[in-house]
Amino acid sequence: MSTIPARAGQPEFAPLPISRWGQAWRLLLVLALSAVAWTEAAIWQWQHLRAWFWADLGVGLACLVLVLWRRRYPFTVAVVTNAVTFASFSAGGPATLALFSLATRRRWREIVPAAIVGLAAGLVSLRSAPGSQEEDFIVTGPALVAVLGIIVAWGMYVGSRRELLGTLRERAENAEREQAARVAQARTSERTRIAHEMHDVLAHRISTVTMHAGALTYREDLTAAQMRATAGVIQENARQALVELREVLGLLREEPGGAAPERPQPDATDLDALITEARVTGLRVSSSVAVDAAAVPPTTGRTAYRIVQEGLTNVRKHATHTAVSIDVTGCPGDGLEVVVRNKLPLGRPVHAMPPSGLGLIGLRERVELAGGRLEREITSDRDFVLSAWLPWPA
């Protein structure tokens, strides 16, 4: 809905378009007012001065057409139509509608001049009307002032109602837009959360499968037992990837209760199992978890778990044969520090997975949402260090 400035701090709401029926009954009302104002004068004009009769009729018809533009040029139309009533009785109807329409805008700097023009023209026309007496003028003068006051007051009331309805319409439309924006934001946030979960869960499994599949492809010195063991690791991680993917995709179901209940999310107590699994799959991992994992808050512990998981995933993807160390320290009040360190490979492994960068981006967002900070650096000793600090309330 468009608005245009009316007064300082108060917008004017554009009225709704007028329907054909609305335009028709307004014009019929104008014709009725013109007929009442002109009937007596028209008889006299026809009998004594027909040129004035036809001129009055022509001016009235011109004002009737002009009043159709009262919404586009309200002040001009109101002043012109009221001014011509100095000499035209048939313009009284269009002049009344134009002044009323101008009053709905509730601008005194426009209403006052137009009303003064209308009052002056009305007084002159009444005083010069055929058969008018000075005694009649004493009565009709105040009556004209009262009529103009009623027209202005009624127009301002309609304008106030129009502004109120416009405000209510705008509030309703804003509420609908805000609701749609909140729904879209919630949908985007949920998709982002699911994307993070899919990356954190699947990247860990797929990187393990890729590492061992690469070993089967390029290692020719493996015994049959070693090949079976490697194939078993691939099978187990592929199965786990499918299970975890099914759990994550269950979040996308729209039906309430359609998805199976989510399994408990990992936290700090699961770090030992994660590190043990990495060792079983062939990574050289040294770890030091110098905290009471059970005392770490679930949200903080879950974020720490994802940091270690992403660090191990990056080692599998980009530095398979390097050693990795994991240090988790901290205490309540000081926060929880997680450091994952590994050597950079001398060359790119032939079976390395293509880098995406999305894992660390999502991990940074996760850490910042938890109120922590995440840093990564390459030291002078060619160590890649992924470090994070997470709040741990006392």
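Modeller: Let's begin with Thr-104, which sits in the loop between helix 4 (92-103) and helix 5 (108-128). Helices here are DSSP runs of H or I with at least four residues, strands are runs of E with at least two, and both are numbered from the N terminus. Keep in mind that the model is predicted: local features need pLDDT of at least 70, side-chain atom pairs count only at pLDDT 80 or more, and totals for chains, interfaces and linings use all residues. Residues are numbered from 1 along each chain as its sequence is written, and side-chain values use heavy atoms, with hydrogens and water left out.

Biologist: Is Thr-104 buried or exposed?
Modeller: Thr-104 is buried, at a relative accessible area of 9%. Buried means under 20%, exposed over 50%, and partly exposed in between, with a 1.4 Å probe and protein chains only.

Biologist: OK, zooming out. How many helices and strands in the chain?
Modeller: There are 10 helices and seven strands. Of the 394 residues, 37% count as buried.

Biologist: Now the sheet. What's the strand order?
Modeller: It's an open sheet of five strands, ordered 3-4-5-7-6, with mixed pairing. Two strands pair if DSSP finds at least two bridges between them. Strand 3 (284-289) and strand 6 are the edges, each pairing on one side only.

Biologist: How do strand 6 and strand 7 pair?
Modeller: Strand 6 (residues 373-378) and strand 7 (residues 383-390) are antiparallel, over six bridges. Glu-377 has Val-385 of strand 7 as its bridge partner, and Ile-378 stands opposite Phe-384. The two strands form a hairpin with four residues between them, and Arg-382 in that turn has a positive phi of about 60 degrees.

Biologist: Which strands does helix 9 lie across?
Modeller: Helix 9 lies across strand 3, strand 4, strand 5 (335-343) and strand 7, and runs at about 5 degrees to strand 5. Helix 8 lies across strand 3 and strand 4 (323-331), at about 165 degrees to strand 3. For these angles, axes are lines fitted to C-alpha atoms, for helices over the stretch in contact, and the angles run from 0 to 180 degrees between N-to-C directions.

Biologist: And how far apart are the axes of helix 8 and helix 9?
Modeller: The axes of helix 8 (residues 271-280) and helix 9 (residues 298-318) are 10 Å apart, at an angle of about 10 degrees. The two helices are therefore roughly parallel, a label for angles under 35 degrees.

Biologist: Which residues make that contact?
Modeller: Helix 8 brings Leu-271, Leu-274 and Ala-278, while helix 9 brings Ala-304, Tyr-305, Val-308, Gln-309, Leu-312 and Arg-316.

Biologist: Last one: where is Gly-333?
Modeller: Gly-333 is in the loop between strand 4 and strand 5. Its C-alpha atom is separated by 4.2 Å from that of Ala-394, 61 residues apart along the chain. Leaving aside neighbours within four places, Gly-333 is in contact with Trp-392, Pro-393 and Ala-394.

Terms used:
Parallel < 35°, antiparallel > 145°, perpendicular 65-115°, else oblique. Contact = heavy atoms within 4.5 Å.
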